[in-house]
Amino acid sequence: MQFELNLLENSYDYLNESLEYYKRIGYDETHNPEIDSIDEKKKWKTTFLLLVQSVELLIKEKLYRVNSILIYEDIDSKNIDKSKLITYSKSIDRLLNLYPIILQEKDKQFLLQCGNVRNECIHGKVVINSIEIKKKYCKLFEYYDKLHSKFFNKKYFNNIFKYEIIQIKEYAKGFDVYRGTEFLQKDLKQFKKEIEIAQLNCCVKNSKEKYDRIRFGSEEEFLKNKFPDGRYTDYSIYKLNYCSDCLAAQNEVHGECCDLEICPKCGMQLITCGCFETICKN
Ligand SMILES: [Zn+2]
Ligand SMILES: [Zn+2]
């Protein structure tokens with residue numbers, strides 16, 4: 001089978017590939033060296049370079065539409081050498097010569113910086129920080145979207161990856177990582193407040209009794225005392241820096257309704273055992 005793809009179709013193809021990768025590694029991503037897999041994190045390299053590739057082809061499509069010779073290196077010879085296409089950085093310069101107000105200097109510098117990261121990913125030694133590269137990725141995607149609208153008077157839309165795209169656009173405005181977990185800036189403030197409040201409610205009670213709650217990290221000692229028959233042998237989830245359900249740190253009280261909190265009376269899961277009705281202050 002033989003087929004031909006134009007620059008724009010090629011650009012969409014790279015973008016689709018990149019979003020497919022994002023879906024696999026970026027959508028529910030953690031940034032916690034204790035549980036992250038390096039092999040998964042390495043995929044950021046391909047995810048990012050596919051996006052740069054798609055931006056490059058998008059810009060070249062625009063140039064091509066202005067005049068098909070504009071995608072070649074030397075446009076002044078009588079016989080243009082069609083084997084020499086312009087580079088990524090030159091395509092940005094050429095675009096800006098034609099449309100000086102389409103990008104500001106800071107936008108140009110950002111696009112060039114992304115090109116350098118791509119080159120490093122392909123050719124050289126590269127240090128990748130999953131938070132930094134994700135921030136760059138989300139911002140670059142936003143550029144793709146903006147340029148697409150400016151060039152073709154229509155927004156880029158892709159139903160297959162609509163949830164990923166919503167997240168990427170939100171993250172492009174900024175996100176923070178706290179205890180290895182991503183938060184939109186407004187949500188992080190709320191979350192920190194919730195942890196603070198949770199620490200005050202360090203007891204559980206019913207109509208007759210009141211017990212201290214089992215803090216994250218003290219489960220092993222408690223369970224070993226409670227069940228000397230050794231029915232539990234794996235305590236690894238309680239040894240992490242942060243609870244994998246509620247993000248409580250070692251020695252903190254779990255967040256409300258955490259799946260991993262155990263009951264201080266019966267030793268089973270607190271939210272389902274039924275021993276206590278409410279949490280309360282000391
Ligand atoms: Zn928890
Ligand atoms: Zn119980």
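This is a predicted model: local features need pLDDT of at least 70, side-chain atom pairs count only at pLDDT 80 or more; totals for chains, interfaces and linings use all residues.

**Helix pair.** I started with how H2 and H4 sit against each other. H2 covers residues 38–66 and H4 covers residues 105–123; I get a packing angle of about 130°, with the axes 9 Å apart. The crossing of H2 past H4 is left-handed. Next I listed who touches whom: H2 contributes Lys45, Phe48, Leu49 and Val52, while H4 contributes Cys114, Gly115, Val117, Arg118, Cys121 and Ile122. Sorted by class, I have seven nonpolar residues, two charged and one polar in this contact.

**Helix H7.** Does the length fit, I wondered, or what span should 16 residues give? At 1.5 Å a residue, residues 185–200 should span 22 Å, and I find the end C-alpha atoms 24 Å apart, which agrees.

**Positive phi.** Most residues other than glycine have a negative phi, so I went looking for exceptions. Arg179 has a phi of about 50°. I found Arg179 in the loop between strand E1 (175–178) and strand E2 (181–184). Buried or exposed, or in between? Arg179 has 16 C-beta neighbours inside 10 Å, so I logged it as partly exposed.

Cys257 is another, with phi near 65°. Its loop runs between helix H8 (219–226) and helix H9 (270–273). I count 11 C-beta neighbours inside 10 Å for Cys257, so it goes down as exposed.

Methods
Residues are numbered from 1 along each chain as its sequence is written. Chains are lettered from A and ligands numbered from 1 in the order in which they are written. Helices (H or I, at least four residues) and strands (E, at least two) are DSSP runs, numbered from the N terminus. The expected span of a helix is 1.5 Å times one less than its number of residues. Axes are lines fitted to C-alpha atoms, for helices over the stretch in contact, and angles run from 0 to 180 degrees between N-to-C directions. A crossing is left-handed if the near helix is turned anticlockwise from the far one by less than a right angle, and right-handed if clockwise. Two residues are in contact if their C-beta atoms, placed from the backbone, lie within 7 Å. Ala, Val, Leu, Ile, Met, Phe, Trp, Tyr, Cys and Pro count as nonpolar, Asp, Glu, Lys and Arg as charged, and the others, Gly among them, as polar. A residue is buried if 20 or more other C-beta atoms lie within 10 Å of its own, exposed if 12 or fewer, and partly exposed in between; C-beta atoms are placed from the backbone.
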